[in-house]
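Let's walk through this structure together, one step at a time. Keep the picture in view as you read.

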Amino acid sequence: MATIKDIAEKAKVSIATVSRVLNYDPGISVADETRKRIFEIAQELNYKTLRQRNGQAVKERYRVGLVNWYSDQEEMLDPWSGETLDGVIAIGRFEKDDLERFPEGFDNIVFVDSSPDDNRFDSVVINLRKSVSELIDYLIGLGHTAIGYIGGHNIVNNKRVQDERELVFMERLSAHGLYDAGLVFTGDNLYSEDGYKLMKTAISGEKLPTAFFIENDSKAVSALRALHEVKLRVPNDVSIVGYSDIAISEFLQPPLTTVKVHMEHIGETAVELLADRMAAKREIAKKIVLPTRLQERESSGKPV
């Protein structure tokens with residue numbers, strides 16, 4: 001009987017990568033070619049999931065496509081070329097006008113991290129507005145009044161997409177009379193290395209915030225490196241908070257305060273929703289909002 005280890009060896013990737021791909025983990029960053037190869041090898045080896053090995057497999061088998069908004073490839077919204085799919089899991093910040101690129105009348109789609117049409121499609125999201133608001137209130141509660149933001153925009157289908165975290169950051173600080181556009185540092189992509197570059201820009205400015213909200217933990221990691229290079233102490237000189245709680249966040253120096261997003265449950269819920277819709281021929285769309293949790297660690301503290 002084939003195992004995940006067998007697939008990993010044949011695909012020349014780690015066991016963790018195979019497991020996350022086969023479980024539709026939206027947090028994994030892997031090339032489309034690698035993802036496709038893993039699924040092809042799993043099918044070739046007739047790999048069975050734990051549920052199937054326990055005799056609890058579903059009666060029908062479906063062909064499911066995975067669409068990743070974060071890919072730069074133009075064909076990312078054309079997963080139907082060459083094969084017929086029963087359902088699709090679409091990951092990323094899709095908007096209503098993006099739906100025009102999906103086949104007309106095809107409703108077996110579960111959107112992860114966005115909900116472009118609540119009435120038609122299933123979706124799995126987090127309450128991003130609530131979690132960011134709580135994070136900003138946490139910094140204000142510590143006594144910070146000069147709070148900066150580091151994040152990115154992306155160009156998708158020739159349009160510039162602004163992250164909702166930045167919008168909530170602006171709204172929440174404005175409500176407290178603390179918003180300063182001069183303390184917002186953004187780039188035009190989502191690369192983690194931009195955290196380093198943008199923090200360098202912030203450090204060289206006239207006014208350095210006493211705290212930064214960084215849109216994701218990957219950017220926060222590189223931003224911390226920029227602060228360490230110029231001997232700025234965290235959190236004594238500058239507090240840092242991130243978002244998502246990736247695996248290394250608690251092992252940074254200092255450990256990173258961040259928002260815990262339960263990525264494993266997001267992927268699992270998306271698969272369950274899609275399977276339910278296809279099996280039951282359900283026409284009513286469902287939207288599931290999963291909770292987050294503020295993970296307070298040593299990278300944040302009261303301003304000195």
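The contact is made by D194, G195, Y196, M199, K200 and I203 on the α7 side, and by K219, S222, A223, R225, A226, L227 and E229 on the α8 side. Contact here means heavy atoms within 4.5 Å. Sorted by class, this contact of α7 with α8 has six nonpolar, two polar and five charged residues. Ala, Val, Leu, Ile, Met, Phe, Trp, Tyr, Cys and Pro count as nonpolar, Asp, Glu, Lys and Arg as charged, and the others, Gly among them, as polar.

Two packed helices are described by the angle and the distance between their axes. The axes of α7 (residues 194-203) and α8 (residues 217-229) come within 7 Å and cross at roughly 40°. That makes α7 oblique to α8; angles under 35 degrees count as roughly parallel, over 145 as roughly antiparallel, 65 to 115 as roughly perpendicular and the rest as oblique. The axes are lines fitted to C-alpha atoms over the stretch in contact, with angles from 0 to 180 degrees between N-to-C directions.

You are looking at a predicted model, in which local features need pLDDT of at least 70 and side-chain atom pairs count only at pLDDT 80 or more, while totals for chains, interfaces and linings use all residues. Residues are numbered from 1 along each chain as its sequence is written, and side-chain values use heavy atoms, leaving out hydrogens and water.

Now step back to the chain, which has nine helices and 13 strands. These are DSSP runs numbered from the N terminus: helices are H or I with at least four residues, strands E with at least two. Of its 304 residues, 48% count as buried, meaning under 20% relative accessible area, with exposed over 50% and partly exposed in between (1.4 Å probe, protein chains only).

Finally, look at the backbone. Most residues other than glycine have a negative phi, and most peptide bonds are trans. N46, in the loop between α3 (32-44) and α4 (50-53), has a positive phi of about 55° although it is not a glycine. N46 is partly exposed, at 44% relative accessible area. K231, in the loop between α8 and β10, has a positive phi near 65° and counts as exposed at 68%. In that loop between α8 and β10 (239-241) lies P235, joined to V234 by a cis peptide bond.
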